[in-house]
Amino acid sequence: MAFTPIPVGPQHPALDLESVNFTFHVDGEKVVAVRPRLGYMHRGIEKLAEGRTYHQNLYLVERVCGICSQAHTICYAQAVEELLEVEVPDRALYIRTIMAELERIQNHYLWLGVTAHQMGFETLFMYTWRDREIVLKMVEEVTGKRVNYDINYLGGVRRDLTPEAIHEMRKGLDQLAERTKYYTRVCKNERTVLKRTVDVGRLSPKDAEALCAVGPTLRASGVKRDIRADDPYAAYEETPFTVITYEGCDVASRLWVRCDEIQESIRIIRHALDTLPGGEISVRVPRAVPAGEAISRVEAPRGENLHYVRADGSENPARLKIRAPTLANLLPLCTMFVDMNIADIPLIIAGIDPCIACAERMTFIDPRKTAQWSWSSEELRRRSVQWYRKR
Amino acid sequence: MTADEAWRGAGLEERATAIKVQSRRRVFVDLAPVDFKAVVAWLVTERGFTHVATVTGIDVGSEIEVIYHLAHGALVLSLRVAVSKEEPTLPSIVDLVPGATFYEREVHDLFGVAFEGNPDLSPLVLPDDWPSEIHPLRREWPADRIHRRLEGT
């Protein structure tokens, strides 16, 4: 018996941003298997990078992702700086760390909002997005921009933290810590949230490791792995923080990992501000990079991000390889759907915080009905909310 | 043996053609295609290198280098094998590390390297109607040539 294939995507199936297609094979309401298809957004960035100088590539890499650009530029800059044997000033490393954690907070807040929207919990969506503005204001104060901050240089950072910006940041962090405490309470106690997330989209620790999952997706399956702790960079070696894990292996745990990570990020930033070293924020670096190769890893908001740079002695890289965390989490995602209801699809997809550069239509295939049909993500979301309302 | 030294041992050192310890956390190992899979199997089963961070392809002229980035704690162990452009095939490691599935497909799309044993090498990042002779990250396909070929001029 062949099962009914249901295509989901290529427009973003969860966060309404980017394109991936999922074909779901269903037996009535149950998902039997799923096949993902990327390729709707392949922009050829690695190819482009080979035709640009190391300095130009910083701005290209900034644009790999709209909301985790800091993770990509730190990663790229570190690889090039390793090849150049440049010692980046401590103050710059601390500013990079602060910006990376602000980015994690805004990313997790954005994610919390869209995940709430997928549950039909619009109030939570509106509140979290309102409070996300607190972070975006801080980011703008420091960098002049809300997204794609362009704060990193090869050899340091572009802008310093002024005493006023630090003062404002501390005020904002106090506010955020308070709000995050409230949202964590909501996520751990609210019936709507628990009904839609507990035991939904299970990923066993064994599967998570075998399928090479990364980031909050991995940590929500109880595996304590975080690049900031395991392979520390920037100022993380000197920064005390806890790697958050939960054992639930479901969407609820992925939610709680992120809530707690926001609090950890706030602690990291406060610690960095308290111990911020003085001195320069950048050093000059040459245009040409000596031949060699370097690998750099960064814990992006969605997990391990890896850049590999091969230099041939010229001003352009011979190869820049980028592996963003979503590609690593796509395979684990596919196992999470098995035996779940069609109504759980939006939240399971949202659970990994996908950033495909994102799927709207979904194909569903049911063998018993020999039927094939498509839904937009909005149709599926509404149907899911209705389906759960009756239960 | 500390975690950073987890790669050391006969299973790897006796088969490697070159080992470069770039830093405590970054090690590069050159391997012949025939030995490569046995080394991966040894690392996975004996030394706990279960995380394949990604697979990188690089066009180095007549050959394509394929680099497997295995991670273990702070260490990134990069295993490098070179295959000829004429017959770029390698054994797939998905039976050892299922998480490498998409990385192999990506290298297959962009460089035309076939991974024997990977059950599905259909396009992952390229469109369905992409011409099969264009491997976009190979040197002989600069962006303007790809553009001309796709435009049919």
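Me: How many residues does the contact take from chain A and from chain B?

Reply: The contact takes 38 residues from chain A and 51 residues from chain B, where contact means heavy atoms within 4.5 Å. A word on the ground rules: this is a predicted model, in which local features need pLDDT of at least 70 and side-chain atom pairs count only at pLDDT 80 or more, while totals for chains, interfaces and linings use all residues. Residues are numbered from 1 along each chain as its sequence is written, chains are lettered from A and ligands numbered from 1 in the order in which they are written, and side-chain values use heavy atoms, with hydrogens and water left out.

Me: What area do chain A and chain B bury between them?

Reply: About 3,400 Å², 50% of it on carbon and sulfur atoms. Buried area is the accessible area (1.4 Å probe) that two parts lose on being put together, summed over both. On the chain A side, Arg37(A), Lys47(A) and Ile295(A) supply 18% of the area buried against chain B, more than any other three residues.

Me: Why is the pair Glu293(A) and Lys20(B) called a salt bridge?

Reply: A salt bridge needs a side-chain nitrogen of Lys or Arg within 4 Å of a carboxyl oxygen of Asp or Glu. The closest N and O atoms of Glu293(A) and Lys20(B) are 3.0 Å apart, so the pair meets the rule.

Me: Which element gives the largest share of the side of chain A that touches chain B?

Reply: That is β6(A), with five residues. Strands (E, at least two residues) and helices (H or I, at least four) are DSSP runs, numbered from the N terminus.

Me: What makes chain A as compact as a globular protein of its length?

Reply: The radius of gyration, taken over C-alpha atoms, is set against the globule rule, 2.2 Å times the number of residues to the power 0.38. For chain A the radius is 21 Å, close to the 21 Å that the rule gives for 391 residues, so the chain is as compact as a globular protein of that length. Chain A has 14 helices and ten strands, and its C-alpha trace spans about 65 × 45 × 35 Å along the principal axes.

Me: How do you know whether Ala291(A) is buried or exposed?

Reply: Buried means under 20% relative accessible area, exposed over 50%, and partly exposed in between (1.4 Å probe, protein chains only). Ala291(A) has a relative accessible area of 60%, so it is exposed. Ala291(A) is found in the loop between α11 (251-274) and β6 of chain A. By contrast, buried residues make up 65% of the 391 residues in chain A.

Me: Where in the chain do Glu101(A) and Arg228(A) lie?

Reply: The side chains of Glu101(A) and Arg228(A) meet in a salt bridge (3.2 Å, N to O). The pair links distant parts of the chain: Glu101(A) is in helix α4 and Arg228(A) in helix α10 (residues 227-230), 127 residues apart. Both Glu101(A) and Arg228(A) are buried.
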